[in-house]
Structures are given as structure tokens and as C-alpha cells.
Amino acid sequence: MDVSGGNHKHKAPWKRMSKEELDNQYSPSRWVVRLGAEEAMRTYSQIGDEVTKRARATRRSLLDVPYGAGEGEKLDIYLPEAVSEAMPFLVFFHGGYWQSGSKDTSAFMVNPLTAQGVAVVIVAYDIAPKGTLDQMVDQVTQSIVFVQKQYPGNQEDAQRNSPLWHLETARTQPGYPACSILVTVGQHDSPEFHRQSREFYQTLCHGGWKASFEELHDMDHFEILWNLTQEDYVLTQIILKTIFQESR
């Protein structure tokens with residue numbers, strides 16, 4: 001699928017939408033195709049709870065590690081059997097429309113990735129109404145910096161991964177090799193999720209970042225995550241291929 005063309009500086013379509021249409025476009029549970037919205041949410045929560053308990057019972061882990069001073073500023077680190085200074089990391093931030101979700105039920109990808117030598121970090125942040133969007137972005141940044149400082153051999157400059165960078169207004173392209181950024185969207189995600197994913201990918205490409213785009217065939221928003229429990233899942237394989245290509 002060609003998503004590299006087009007002018008991404010047009011007025012955002014969401015600005016012309018009614019509140020009802022915005023709610024519809026940005027509520028992933030309304031776009032599931034195999035389960036009803038409530039059943040999809042229950043299944044997602046159940047699988048997340050089960051795989052996190054399993055990961056904590058079977059994998060080496062450091063739980064509730066503080067990355068900041070706030071009560072909610074903690075992260076979990078899941079380690080592979082062979083720990084080394086060169087091991088790659090995947091850092092995961094749970095979704096939930098800024099209002100729900102938890103690191104304690106989000107270890108979907110831990111077992112398949114740690115089995116291949118990848119450390120996984122799952123980050124908590126203060127969701128609404130306790131946390132504002134500004135606070136959430138700041139906490140995400142703090143957590144990345146914390147991991148980078150704790151494991152300096154595994155992340156290049158943390159700022160290269162931060163959405164805080166104003167990609168569209170950057171005057172120059174990155175003067176160093178940027179970490180690869182993988183943008184994914186499910187085939188059955190909403191049109192607005194598709195539009196924003198493509199626009200983010202295009203912005204990254206125009207800014208000189210190494211980015212790739214994948215539309216996951218026959219997947220809705222929740223299946224994207226709960227299928228990360230499977231070693232042979234297409235996204236699991238894409239993540240591993242991206243990580244180990246970067247480490248060579």
C-alpha cells in the first residue's frame with residue numbers, strides 16, 4: 001500500500017466532525033468485526049490479565065520500578081534469560097483512550113519477545129482525570145530517558161524517539177541515524193485511525209526519519225495487541241525483524 005504521497009498539511013478532517021462522529025471514530029471498540037464492543041473489551045482485559053500474570057511468574061522481571069517521583073510513575077522490566085549490555089529493548093505504552101488501561105494488564109508481547117533475547121519495558125502513567133495530556137507526554141518522556149540512562153548500551157539518544165519533537169516544523173533532518181519507527185494500523189480500525197497513522201508515517205518520512213508502515217490484514221484494534229502473545233503472529237515477526245536488523 002502506497003502511503004508516501006499526498007499533502008499532509010491540509011486541514012485535519014476531524015475538525016469538521018461532530019462530537020458524535022468524533023466519538024465514533026476514536027472509539028476502537030465500535031469497529032471490531034468478530035465480537036461486540038463489550039465482548040471485545042472483556043476479552044482484551046481477560047487476556048491482558050492472564051498473560052501479565054504468566055509473564056511475571058515465568059520471566060525474570062523488575063516490577064514497579066520508579067522512573068519519576070509521582071505515585072503513578074513506575075515501569076516493569078521483563079528480561080530475557082541471557083542478559084547483556086547489547087540486548088535490545090522494546091518499550092510499550094498501553095492504550096485506553098487516556099482514561100483506562102494499566103501496565104499491570106499489558107504484557108501481551110513479553111513471552112514471545114524475551115524468548116528471542118529482547119527485553120520488554122511496560123510503562124505506567126497517570127491516566128485521566130488524574131493526569132492531563134501534558135502530564136502524560138511528560139511521563140512518557142521521563143520513562144524513555146530513565147530506561148536510556150539505566151541501560152546506556154541499548155538506546156540511542158532518547159530524544160530521537162520522542163513525539164514531542166515537532167516533526168513538521170523541524171528545519172533540518174536528523175543528522176544521525178535515527179531509530180526505526182514502525183507505524184501500524186489494523187485493517188478494521190476506524191477511517192480516522194487509518195488517516196492519522198498514514199499522516200504520522202508521512203510526516204516521519206518527510207522529516208528524514210527511518211519509518212515503515214504496516215496495515216495488519218483482517219485485524220481490529222484489540223486483536224493487534226492480544227495476538228502479540230503469539231510467536232508466529234505477523235506483528236511479532238515484524239518487530240523482531242526490525243529490532244535485529246537494527247542491532248547488526
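This is a predicted model: local features need pLDDT of at least 70, side-chain atom pairs count only at pLDDT 80 or more; totals for chains, interfaces and linings use all residues.
**Overall build**

The chain contains 7 helices and 6 strands. Their order along the sequence is α-α-β-β-β-α-β-α-β-α-β-α-α. Of its 248 residues, 42% count as buried. Contacts can also be sorted by separation in sequence: among those between residues at least 6 apart, 68% join residues at least 24 apart. The chain exposes about 13600 Å², and carbon and sulfur atoms supply 52% of that area.

**Helix H4**

Helix H4 covers residues 133-150. The buried residues of H4 are Met136, Gln139, Ser143, Ile144, Phe146 and Val147. Viewed down the axis of H4, these buried residues fall within an arc of 160 degrees, so they line one face of the helix. What do the buried residues of H4 pack against? Their partners are strand E1 (60-66), strand E2 (74-79), strand E3 (89-93) and strand E4 (119-123). On the face turned away from the buried side, H4 carries the exposed residues Asp134 and Lys149.

Leu133 also belongs to H4. Leu133 is partly exposed, with a relative accessible area of 49%. Together with Tyr97 and Trp98, Leu133 forms a nonpolar patch on the surface. The accessible area of Tyr97, Trp98 and Leu133 together is about 320 Å².

**Salt bridges**

Side chains of opposite charge can pair when their charged atoms come close. The structure holds 15 salt bridges.

| Pair | N to O distance |
|---|---|
| Arg34 and Glu223 | 2.8 Å |
| Glu192 and Arg195 | 2.5 Å |
| Glu199 and Arg195 | 3.0 Å |

Arg34 is partly exposed, with a relative accessible area of 43%, whereas Glu223 is buried at 9%.

The other two pairs in the table lie within helix H5 (residues 191-206) and involve Arg195. Glu192 and Arg195 are 3 residues apart, so about one helical turn separates them. Glu199 and Arg195 are 4 residues apart in H5, and again the separation is about one helical turn. Are these residues buried or exposed? Glu192 and Arg195 are buried, and Glu199 is buried too.

Salt bridges also form a network, which links Arg56, Asp64, Asp76, Lys103 and Asp104.

Asn227 is located in the loop between H6 and helix H7 (234-246). Although in a loop, Asn227 is buried, with a relative accessible area of 11%. Which residues does Asn227 contact, leaving aside its neighbours within four places in sequence? The contacts of Asn227 are then Met219, Tyr233 and Thr236.

How values were computed
Residues are numbered from 1 along each chain as its sequence is written. Side-chain values use heavy atoms; hydrogens and water are left out. A salt bridge is a side-chain nitrogen of Lys or Arg within 4 Å of a carboxyl oxygen of Asp or Glu. Buried means under 20% relative accessible area, exposed over 50%, partly exposed in between (1.4 Å probe, protein chains only). Contact means heavy atoms within 4.5 Å. Patches are made of residues with over 30% relative accessible area and no salt bridge: like charges are joined within 9 Å, nonpolar side chains (Val, Leu, Ile, Met, Phe, Trp, Tyr) within 5 Å. Accessible areas come from the Shrake-Rupley method with a 1.4 Å probe; for residues, only the protein chains shown count as cover. The arc is that of the directions from the helix axis to the C-beta atoms.
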